Amino acid sequence: MSLRASDTADAADDYLERRTLRRGSAGWVLLTGLGVAYVVSGDYSGWNLGLAKGGFGGLAIATVLMGTMYACMVFALAELSAILPTAGGGYGFARRALGPWGGFLTGTAILIEYVLAPAAIVIFIGDYVESLGLFGLTSGWPVYLFCFAVFIGIHLWGVGEALIASFVVTGIAVLALIVFALGALPDFSVSALDDIPVETSAFGANSWLPMGLLGIWAAFPFGMWFFLGVEGVPLAAEETRNPARTLPKAIRWSMGILVVLAVMTFFAAAGARGSSAIQAAGNPLVEALQPDGRATPLSRFVNYAGLAGLVASFFSLIYAGSRQLFALSRAGYLPRVLSLTSSRKAPYLGLLVPGAIGFALAAATGNGGRMLNIAVFGATISYALMSLSHIVLRRREPQLERPYRTPGGILTSSVALVLACSALVATFLVDVTAALIALGVYAAAAAYFGLYSRKRLVAKAPEEEFAALAAAEAELARD
């Protein structure tokens with residue numbers, strides 16, 4: 001869909017100069033760390049709740065399927081990010097493939113994920129601080145405010161400094177997962193994996209699938225927690241050295257590391273203590289190391305490291321949300337003022353506004369689980385639309401220069417699309433209220449775009465220029 005002149009807002013000559021990020025701040029190593037940082041908190045908690053939905057076998061199969069979805073999707077994203085290395089990420093890909101509406105709906109879904117997820121994680125950070133007795137603080141708004149203020153402040157200082165800080169904290173969290181697995185290994189028992197009793201007559205129910213075959217589907221959202229957020233790596237495109245080469249490499253390495261961490265953590269935790277004992281634990285790794293409830297030096301270390309994992313994900317998700325908001329604002333889909341950058345090339349309102357919303361939600365509700373479920377709902381919509389974008393561009397523009405090509409081509413992204421749609425439906429099995437809230441936010445955003453911003457898009461924005469070029473080439477071909 002091409003934009004007519006009347007549909008595209010004019011921009012001043014210095015418009016893009018006032019909305020510029022710091023170029024060349026990150027190489028593939030820092031970006032790989034960023035991809036792992038988005039996700040690492042999910043290894044420490046949350047995934048284990050899927051044991052209550054599907055048992056060990058159900059969650060294991062769900063994790064394999066969701067891991068397949070993410071693997072297929074990130075290979076598709078690696079190709080797309082090499083074609084269009086801009087801060088818009090998934091929005092930019094969908095904009096060219098699916099038109100302005102497709103771009104907006106994809107970008108909004110990503111934004112829902114990256115605004116709600118930090119709000120959820122900061123509540124979990126508060127719970128950790130309280131359980132560890134740090135500084136005499138209890139979980140509540142002072143902890144949330146401190147986290148948002150400090151970590152947004154680091155991002156305002158500069159992207160290079162922020163990515164290095166994130167890399168260090170993520171390294172600590174990953175090291176602790178390895179130490180945990182080694183520490184849990186002596187207590188590992190295969191018989192502990194399927195110790196959840198079968199209390200249903202559901203089809204296919206057995207010791208490995210205590211909730212039957214339907215439990216596999218219900219466990220999809222929890223299998224996602226081992227990988228949720230890795231798709232945010234392309235959002236760093238404009239701040240990356242040689243993005244066409246660096247982004248695909250970083251995306252692939254991030255996914256590979258996350259698969260290893262998921263398998264290691266899942267088996268070690270369930271096998272050391274038993275699936276039944278950790279299925280409802282807020283801190284399953286610590287629970288797995290304390291069979292008699294008494295803390296040990298190893299469990300204390302893992303407990304503190306769990307806080308580091310939460311901080312790493314919180315820190316990196318703030319970054320991702322600010323870049324998605326920056327790109328949508330710069331192109332006029334959201335108020336343009338939100339994309340202004342500071343003298344240090346940081347999108348200051350793109351950091352402060354989502355931060356204020358996240359803090360308000362955390363302080364007002366204290367319901368991290370609900371907000372994380374809303375984030376998952378937004379994520380699954382974006383996954384489906386990004387996978388569809390890869391399929392459409394492969395079919396419609398086979399001649400497009402592709403510095404990196406997805407292994408398996410359309411088949412790979414088709415698998416991601418089918419699994420993403422299945423995961424979207426599964427969110428209703430877990431939390432209908434969260435899904436309906438996400439739909440309400442989505443509908444309000446769509447109304448804003450349809451009634452107002454759709455006719456005020458900025459043609460100079462990189463993602464819009466990229467789409468306009470495709471439209472011009474199509475018209476020339478027809479002539």
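This text leads the reader through the salt bridges of the structure and then to a patch on its surface.

The structure is a predicted model, in which local features need pLDDT of at least 70 and side-chain atom pairs count only at pLDDT 80 or more, while totals for chains, interfaces and linings use all residues. Residues are numbered from 1 along each chain as its sequence is written, and side-chain values use heavy atoms, with hydrogens and water left out.

A salt bridge is defined here as a side-chain nitrogen of Lys or Arg within 4 Å of a carboxyl oxygen of Asp or Glu. By this rule the model contains nine salt bridges. One of them joins R95 to E464, with the closest N and O atoms 3.0 Å apart. R95 belongs to helix α4 (residues 90-132) and E464 to helix α17 (residues 462-478), so this pair ties together parts that are 369 residues apart in sequence. Helices are DSSP runs (H or I, at least four residues), numbered from the N terminus. Both R95 and E464 are buried, a word that stands for under 20% relative accessible area, whereas exposed stands for over 50% and partly exposed for values in between (1.4 Å probe, protein chains only).

Because R330 lies in helix α12 (residues 297-330) and E238 in the loop between α8 (220-223) and α9 (243-273), the pair ties together parts that are 92 residues apart in sequence. R330 counts as buried because its relative accessibility is 3%, and E238 counts as buried at 3%.

R330 also meets the side chain of E463 in a salt bridge (3.4 Å, N to O). This contact runs from helix α12 to helix α17, so it ties together parts that are 133 residues apart in sequence. E463 is buried, because its relative accessibility is 0%. Elsewhere, salt bridges link E79, R394 and R402 in a network.

L185, F188, V190, W208, V259, V263 and F267 make a nonpolar patch of about 620 Å². Patches of this kind consist of residues with over 30% relative accessible area and no salt bridge, their nonpolar side chains (Val, Leu, Ile, Met, Phe, Trp, Tyr) being joined within 5 Å. V190 counts as exposed because its relative accessibility is 52%.

Technical notes
Patches are made of residues with over 30% relative accessible area and no salt bridge: like charges are joined within 9 Å, nonpolar side chains (Val, Leu, Ile, Met, Phe, Trp, Tyr) within 5 Å. Accessible areas come from the Shrake-Rupley method with a 1.4 Å probe; for residues, only the protein chains shown count as cover. Helices (H or I, at least four residues) and strands (E, at least two) are DSSP runs, numbered from the N terminus.
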